[in-house]
Amino acid sequence: MAVLTLAPGYESQIEYRDAEKNFHGNRLVYVHWEQHLAFCSAIAFPLPPAMPFGAFVEAVVKPHYAAHPDAEKIDWTQVVWMIDGEKKVPDFSKSLEENGLRHKSLVRFWTPGLGGYKGSAS
Amino acid sequence: MTAKKLGLKQRYAHMTRGLDWETTYQPMDKVFPYDQFEGIKIKDWSAWEDPFRLTMDAYWKFQAEKERKLYAVLDAFAQNNGQASVSDGRYINTLKLFLTGVSPLEYQAHRGFAFTGRHLRGAGPRVAAQMQSLDELRHVQTQIHTISQYNKYFDGLSEFPHMHDRVWYLSVPKSFFDDARAAGPFEFMIAIGFAFEYVLTNLLFVPFMSGAAYNGDMSTVTFGFSAQSDESRHMTLGIEVIKFLLEQHPDNLPIVQKWVDKWFWRGFRVLGLVAMMMDYMLPKKVMSWKEAWEIYFTEGGGSLFQDLARYGIKVPKYADVATEAAEHISHQNWAVFYQYTHAAGFHTWMPDREHLDWLSEKYPNTFDKYYRPRWEMWAQAEKEGKRFYNMALPQLCQVCQIPMAYTEPGDPTTICFRETQFKGETYHFCSDGCKDIFDDEPEKYAQSWLPVHQIFQGNCGGPTVPDVLNWYRMNNGADNMDYAGSPDEKLWNEWHAKAAEAAG
């Protein structure tokens, strides 16, 4: 639908506020550990697209989820990954970009056998 | 011979005669440039009569009388140190939430109704919108004065207008009103006049004012009474506007229904802060959020929409989703603030056993299964000296701007993720309700000022938490963090130790 506006040329003046170019060479990446809602929502990071996926897991994902009692029980070889709605097996040695992460991509992961505190998904 | 006194109705007619004259120096469409572009068709403006027939002189007289009573109570409250007699020091945090999150909306409403009063070309709605604009200005002023007594003693209140414009969670109520004020005058009237002031207002003011009464805060209760007669006038205006639009032209129905759907959902999301306040923040509870939702939305709203059915208006889309979510949102929201307490402008706390039992009783279907274990896990961590803080920033919904903490309808174990592609970029939403709003006007919401993204772009004072808190003017170590160990708690305990000593 065409934008409903009084000002002629309104669309040409729109500031797309979260365009990738505004993040100083980084890309927004959201990550979420499923069945562990003690972390209230997915968490957001501005990351260089050339960062290897393995480094992302080591330096970003692991430390931010370390406070959960399930964290130390994760078998990272068994983790199920979903990137932007598609189940994927990421190549840890390749970059975020090569693994298909775009600006504002959502990475969800499941840890089989771990269902949160006392199985409550918390 | 004494002059004959005019009756109220005659007096009103006399005082307002000719206010809707046809302009001749400029065409009417140029004088009122905003009242057609939204697609609303009005055949006869004179069909909208001002229901109150309140003239300006009568308005000043009524309001001045109410102010005299209110300020007499506020003076007495200050002289008696009423701030020390509320139920518990934790109670003050509900006032912090109100002053930073709600009072600035009264000011926004003042601005919005002033604009609307200027830009609708019928005299009836112009006068009514002008009166409401003045009411809203009075409300923000009296709220600030009422709560200023607490500001002399407690943290978190002094920078409320600055915080409202900057703090991450306050962008939720702020953007709600910015959205309404950036719309045309008819959408504003449906958004604020109808959806907010009529459908949802009882879920905002009754909990806060009853909360104040239950917790011994007589000054806030008196403010509530002082605003009550204004609120009933606002509700009447809200119901008048929707009926007027629907009676004027059948083409207005789908536009109005779309706005009702949108603003119901927007309002429901903002009210999540009230849900959390009722279930977690009031030391003496009034009722649960779920009970309030049943009384004020399911029952009250149900009969309203039955009444509107003759105009073709349906119950707002996703009302069923909101009703199901009444089991969850207060717990999910308090969990957000608990883990981001270091960036909150009020204090948080772990609910104690008695409080958890109350929640179990009020939420028998869900609390023990999904939420009690979460609090018990965190209580255990606190006991071990490892109180949980989430040190990453949350993903936010593009429309309501709340952390994406809400779960799938019917599945409280899975976050609800929705997304849309627009001009090559991905946008994320917490719900179908928020996604629908974006999809209808993507150009508008692609411009949202999302606090988390702004921090990453370098626009919020710096990259670290203390940098951002400083930019928020949040006094780190006093305004934020848990109530336990706060200066507020220390002060409260000192007062009560002295009182106990004096009582012997």
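In this predicted model, the interface of chain B and chain A holds 1 salt bridge. A:Lys104 pairs with B:Glu425 in a salt bridge whose closest N and O atoms lie 2.8 Å apart. Polar contacts across the interface of chain B and chain A amount to 18 residue pairs, with both residues at pLDDT 80 or more.

| Element of chain B | Residues |
|---|---|
| Helix H16 | 329–339 |
| Helix H18 | 367–383 |
| Strand S1 | 393–394 |
| Strand S3 | 411–415 |
| Strand S4 | 418–422 |
| Strand S5 | 425–429 |
| Helix H21 | 451–457 |

With 7 residues, H18(B) gives the most to the side of chain B that touches chain A.

The contact draws 53 residues from chain B and 45 residues from chain A. The size of an interface is often expressed as the accessible area lost when the parts come together. Chain B and chain A bury about 4,100 Å² between them, and 58% of this area is on carbon and sulfur atoms. On the chain B side, B:Met377, B:Phe456 and B:Gln457 lose the most area to chain A, together 15% of what that side buries.

Helix H9 of chain B spans residues 185–200 and has 16 residues. Its end C-alpha atoms are only 20 Å apart, short of the 22 Å that a straight helix would reach at 1.5 Å a residue. H9(B) has a kink of about 25 degrees centred on B:Phe194. Because 15 of its 16 residues are buried, H9(B) is largely enclosed by the rest of the structure.

Terms used: Residues numbered from 1 in each chain as written. Chains lettered and ligands numbered in written order. Predicted model: local features only at pLDDT ≥ 70, side-chain atom pairs only at ≥ 80, totals over all residues. Heavy atoms only, no water. Helix = DSSP H or I, 4+ residues; strand = E, 2+ residues; numbered from the N terminus. Expected span 1.5 Å × (residues − 1). Bend = angle between axes of the 7 residues up to and from the residue. Buried < 20%, exposed > 50% of the residue type's maximum accessible area, 1.4 Å probe, protein only. Contact = heavy atoms within 4.5 Å. Buried area = accessible area lost by both parts, 1.4 Å probe. Salt bridge = Lys/Arg side-chain N within 4 Å of Asp/Glu carboxyl O. Polar contact = N/O pair within 3.5 Å; in protein donor to acceptor, adjacent residues only side chain to side chain.
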